[in-house]
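Me: I have a structure open and want to talk through it. Can you take a look with me?

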Amino acid sequence: MRRVLTYGTFDLLHWGHIRLLMRAKALGDYLIVGASTDEFAVEQKRARRPYHRFGTRCDMLEAVRYVDLVIEESSWEQKVRDVQRYHVDTVVMGANWQGSPRFEHLREHCELVYLPRTPGISTSKIRRDMLADAAAAPGRFSGLPGVMAAQFDILERSA
Ligand code: C2G
């Protein structure tokens, strides 16, 4: 039984995430996914607060047939402990982490594999495209309460 571990926020779950999970599972028999807590995503990864809260993202990951176990990712330091605790053979990450000291130290404890990312899709691209769609429909905001219209304006200007 080869055990594989990967980490991520997996927000607005998309084809890129699914392909990463599918290829990670193909490297073993049992796939564990460390899902970032909302706090870890915001504080540690300096990402915006995930659209879907931690609980929802875990539920969605558990529904993916390649995934056998979902655990919490709440710190950078937990990874060696996770590898030992779950008897992990291989840690898999997308190539955007290639060579990162956040993962390279794991080579002392298990195999480390970086997989090419799926081009043309990302959570931030989905957000941008949705915003562009909304902004592209002039007067689209007119029906919205003042506050929301103002928020859309802010979002539009900050995109
Ligand atoms: N991914 C991919 N192709 C894409 C988008 C994402 O292969 N088009 C991969 C990423 O490289 C990552 C995984 O899908 O391995 C999850 O992506 P994110 O949710 O963006 O995760 P990330 O912010 O990279 O978090 O401790 C590490 C972090 O939790 C990793």
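Me: Start with the ligand. How many nonpolar, polar and charged residues does the shell around the ligand have?
Reply: The shell has 8 nonpolar, 9 polar and 5 charged residues. Keep in mind that this is a predicted model.

Me: Which residues are the closest to the ligand?
Reply: E73, N96, W97, T118 and I121 are the closest, out of 22 residues that surround the ligand.

Me: What lies 2.6 Å from an oxygen atom of the ligand?
Reply: A polar side-chain atom of N96 does. I121 uses its backbone instead: one of its N or O atoms there is 2.6 Å from a nitrogen atom of the ligand. T9 also has a backbone N or O atom in the picture, 3.1 Å from a ligand oxygen.

Me: How much of the ligand's accessible area does the protein cover?
Reply: On its own the ligand has 630 Å² of accessible area, and the protein covers 92% of that. The space the ligand takes up is the largest pocket.

Me: Which element gives the largest share of the shell?
Reply: α1, with 4 residues. Helix α1 spans 15-25, and it is one of three elements that each supply at least two shell residues, along with β1 (3-8) and β4 (90-94).

Me: Switching to the whole chain. How many helices and strands are there?
Reply: There are 7 helices and 5 strands. Along the sequence their order is β-α-β-α-α-β-α-β-α-β-α-α.

Me: And what percentage of the residues count as buried?
Reply: The chain has 159 residues, and 42% of them count as buried.

Note on methods
Residues numbered from 1 in each chain as written. Predicted model: local features only at pLDDT ≥ 70, side-chain atom pairs only at ≥ 80, totals over all residues. Heavy atoms only, no water. Near = heavy atom within 4 Å. Polar contact = N/O pair within 3.5 Å; in protein donor to acceptor, adjacent residues only side chain to side chain. Areas by Shrake-Rupley, 256 points an atom, 1.4 Å probe, with all protein chains shown as cover. 1 Å grid on protein atoms, 1.4 Å probe; cavity = no way out; pocket = protein on both sides within 12 Å on 5 of 7 lines; lining within 4 Å. Sits in = over half its atoms within 2 Å of the grid points. Nonpolar A, V, L, I, M, F, W, Y, C, P; charged D, E, K, R; others polar. Buried < 20%, exposed > 50% of the residue type's maximum accessible area, 1.4 Å probe, protein only.
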